[in-house]
Amino acid sequence: MYYGEIKKTDIANGIGVRVSLFVSGCRRHCKNCFNRQTWDFCYGRPFTEQTEQMLLEALKPSYINGLTVLGGEPFEPENQRVLVPFLKRVRASFPEKTIWCFTGATLESDLLQQSANRCEVTDEMLSLIDVLVDGAFIEALKDISLQFRGSSNQRLIDLPATLREGRIVLWCEA
């Protein structure tokens with residue numbers, strides 16, 4: 001897996017101050033995507049053990065609320081297979097911090113059912129995420145007033161509650 005960017009103090013992609021990892025690779029190609037360069041699976045730098053260590057160090061300060069993974073597309077199968085072991089390390093090292101993930105996929109049709117995004121580690125990856133921002137960016141539904149998303153079709157999903165209850169539970173700030 002490659003990544004396009006790492007932000008060590010990001011306040012735009014989730015609650016509080018976060019460390020954000022922008023993975024590379026996306027087959028969705030949403031019109032007017034804000035991060036087109038990350039469509040290329042080889043854009044940026046290789047995600048290595050050193051990258052993981054640097055991210056874990058960046059997550060240590062108490063003012064960091066958690067990790068956000070976005071892209072590109074984290075739920076491309078190639079990316080999931082690399083992200084799952086890393087997210088498990090994050091969860092084990094920082095159980096009090098949240099993990100957010102942005103995807104162009106839709107939870108019900110692309111991640112919980114057979115699709116191009118679903119693979120042998122999808123369920124495990126979903127189990128490691130606190131908030132899933134799902135849905136493709138749709139230019140016609142663009143709304144700059146929305147918190148943490150670009151178009152009105154995208155949802156902020158409380159993933160643990162959704163998986164526990166078997167129905168979509170939207171996230172709301174406590």
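# Tour of the α1/α2 contact

Helix α1 crosses helix α2 in a right-handed sense. Keep in mind throughout that this is a predicted model.

**Stop 1: the two helices.** Select residues 49–59 for α1 and residues 77–93 for α2. Their axes come within 11 Å of each other. The crossing angle is roughly 30°. Angles under 35 degrees count as roughly parallel, and α1 and α2 are therefore roughly parallel to each other.

**Stop 2: the contact residues.** Now show side chains. On α1, pick E49, E52, Q53, L55, L56 and L59. On α2, pick F86, R89, V90 and S93. These residues make the contact between the helices. How do the residues of the contact divide into nonpolar, polar and charged? Five are nonpolar, two are polar and three are charged.

**Stop 3: R89 and E49.** Centre the view on R89, in helix α2. Which salt bridge joins the side chain of R89 to E49, and at what N to O distance? Draw the N to O line between the two side chains: the salt bridge spans 3.2 Å. E49 sits in helix α1 and R89 in helix α2, so this pair links distant parts of the chain, 40 residues apart. Colour by accessibility next. E49 is partly exposed, at a relative accessible area of 46%. R89 is also partly exposed, and its relative accessible area is 29%.

**Stop 4: R89 and E52.** R89 belongs to helix α2 and E52 to helix α1, so the pair ties together parts that are 37 residues apart in sequence. Is E52 buried or exposed? E52 is buried, with a relative accessible area of 12%. The cut-off for buried is under 20%.

**Stop 5: K60 and E57.** Select K60 and E57. Their side chains meet in a salt bridge, 2.7 Å from N to O. E57 counts as partly exposed, at 44% relative accessibility.

**Stop 6: a network.** Select R27, E76 and E78 together. Salt bridges that share partners join these three residues into one network.

**Last view.** Zoom out and display every salt bridge. How many does the structure hold? The structure holds 12.

Conventions: Residues numbered from 1 in each chain as written. Predicted model: local features only at pLDDT ≥ 70, side-chain atom pairs only at ≥ 80, totals over all residues. Heavy atoms only, no water. Axes fitted to C-alpha atoms, helices over the stretch in contact; angles between N-to-C directions. Helix = DSSP H or I, 4+ residues; strand = E, 2+ residues; numbered from the N terminus. Parallel < 35°, antiparallel > 145°, perpendicular 65-115°, else oblique. Left-handed = near helix turned anticlockwise from the far one by under 90°. Contact = heavy atoms within 4.5 Å. Nonpolar A, V, L, I, M, F, W, Y, C, P; charged D, E, K, R; others polar. Salt bridge = Lys/Arg side-chain N within 4 Å of Asp/Glu carboxyl O. Buried < 20%, exposed > 50% of the residue type's maximum accessible area, 1.4 Å probe, protein only.
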